[in-house]
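Subject: Structure handover

Hello,

Here is the structure for you to look at. My notes on it follow below.

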Amino acid sequence: MTTLPNRPNTALLIVDVQNGVVDSSHNRDEVIANINTLLDKARSEAVPVVWIQHSSDELKPDSAPWQYVPELVREATEPLVHKRYGDSFEDTELESVLAEHGVGRVVVTGAQTDACIRSTLHGAMVRGYDATLVADAHTTEDLTAYGAPAPEQVISHTNLYWSWQEAPGRKGGTAETAEVTF
């Protein structure tokens, strides 16, 4: 249903599952296991997998916190997109990578739910993509000390509101790992 012409394919996006991002995240191990399940499925179906890696003052390139978690292994043929903003499309090569693969729909996983995941979902939709959030394959850290709801509430709320997202010619939505189709 994407508004992007000649883009029939779907890609799996793995956003910011880096040591310094998910080290204390809610359900970290379960989320990573679900991403690995999706990764295996995408690879077996020849679906493009795109890795997104954030850099910031806290996530300096080549530092241990900046590295992807060891449980997730990127193949050399899978694109790696570096970013400095929440939206994985903003000032990156993500759009050209997806265009090269004829992608009009993205399946989004990773961290942080209340920052880069939400920004990337909205960024995808405003750029014409269909965007599916994998409900049990994204996470966030506990920011209650700063007035945020508990992580499980942030995740639940994001799943709830994204399940209803749509725009002319574009569709959002959520799916559990076991229900994801590419």
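Which helices each supply at least two residues of the lining of the largest pocket? They are helix H1 (19-22) and helix H4 (113-126). Helices (H or I, at least four residues) and strands (E, at least two) are DSSP runs, numbered from the N terminus.

Before the rest, a note on the source. This is a predicted model, in which local features need pLDDT of at least 70 and side-chain atom pairs count only at pLDDT 80 or more, while totals for chains, interfaces and linings use all residues. Residues are numbered from 1 along each chain as its sequence is written, and side-chain values use heavy atoms, with hydrogens and water left out.

The pocket

The largest pocket holds about 240 Å³ of space. A pocket here is an open set of points on a 1 Å grid over the protein atoms alone, where a 1.4 Å probe fits, with protein on both sides within 12 Å along at least five of seven lines; lining residues have an atom within 4 Å of a point. Its volume is the space filled by probe spheres set on the points. There are 13 lining residues, and the closest to the centre are Gly-20, Val-21, Leu-59, Gln-112 and Glu-141.

Gln-112 sits in the loop between S4 and H4. The peptide bond that joins Ala-111 to Gln-112 is cis, with omega about -20 degrees. Most peptide bonds are trans.

Of the 7 residues in S1, 6 are buried (under 20% relative accessible area with a 1.4 Å probe, protein chains only; exposed is over 50%, and partly exposed is in between). S1 pairs in the parallel sense with strand S4 (residues 103-111) over 7 bridges, and 4 bridges join S1 to strand S2 (residues 49-54), also parallel. Pairing needs at least two bridges found by DSSP. Leu-12 stands opposite Val-107 in S4 and has Val-49 as its bridge partner in S2.

Arg-7 lies in the segment before S1 (9-15). Arg-7 counts as buried because its relative accessibility is 13%.

Two positive phi values

Asn-27, in the loop between H1 and helix H2 (28-44), has a positive phi of about 50 degrees although it is not a glycine. Its relative accessibility is 39%, so Asn-27 counts as partly exposed. Asp-62 has a positive phi near 75 degrees and is found in the loop between S2 and strand S3 (80-83). Asp-62 counts as exposed because its relative accessibility is 64%.

Regards
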